[in-house]
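The sequence and structure come first.

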Amino acid sequence: SIIPQKTNSEFVDGPVLLARIIGWAVSEVSPSAFACKWSQGRARPESVAWAVKTGELDAPQHIKDKVDQLNLTRPEDFTAYEEGSPRHPSWPAMHSAASSASLYLAVLLDLSPEQIAETRKLDYAVASFRSLAGVHYESDNRAGLALGQEVIAQQLPEVLKRFGADP
């Protein structure tokens, strides 16, 4: 209801607009997330595990023992992906930054509190899976979620104004 509708079955300012906002949100957060990644340069979990395994990085014995139990033969073995992690730094997590649907969907759609809670769970699930897969730390995900939400919150009113919404 935030976008003025021209008809009762508005397609362009309905589903098409929603798809456009989804793509816009991902492209909007990407420059900020990657600027943070390259300024911080945090190593991926697989790189750290491999450095511990090879002795390049010292760690407490109980950590070394845990890494040895993984039976890594190459750094990529640490992740759930055959190809391993992306080659750019870990922090903040880009998938998490792009998971800002709970912010813009709550603005664009007439969601109930229960639906808003579900969109937040979805954002968190997208973010957390990358830690379970071994390519991010949980703190990467928390930072990515916060960054994505902040970028979208700052930019969304101006974008919606283009479609006739009252900012």
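In the charge count, Lys and Arg are positive and Asp and Glu negative, with His and the chain ends not counted. The place of a charge is NZ of Lys, CZ of Arg, CG of Asp or CD of Glu. The model is predicted: local features need pLDDT of at least 70, side-chain atom pairs count only at pLDDT 80 or more, and totals for chains, interfaces and linings use all residues. Residues are numbered from 1 along each chain as its sequence is written, and side-chain values use heavy atoms, without hydrogens and water.

**Charges and surface**
- The protein has 16 positive and 21 negative charges, and their mean positions lie 2 Å apart.
- Its accessible surface (Shrake-Rupley method, 1.4 Å probe) is about 9,600 Å², and carbon and sulfur atoms hold 58% of that.
- Of the 167 residues, 38% are buried, meaning under 20% relative accessible area, with exposed over 50% and partly exposed in between.

**Fold**
- The protein has seven helices and zero strands, where helices are DSSP runs of H or I with at least four residues and strands are E runs of at least two.
- The C-alpha trace spans about 65 × 30 × 25 Å along its principal axes.
- Contacts are heavy atoms within 4.5 Å; among those between residues at least 6 apart in sequence, 76% join residues at least 24 apart.

**Ala-106**
- Ala-106 belongs to helix H5, residues 101-108, and is partly exposed at 31% relative accessible area.
- Beyond neighbours within four places in sequence, Ala-106 contacts Ala-101, Leu-111 and Ile-116.
- Ile-116 is 10 residues from Ala-106 in sequence, with 6.3 Å between their C-alpha atoms.

Terms used:
Buried < 20%, exposed > 50% of the residue type's maximum accessible area, 1.4 Å probe, protein only.
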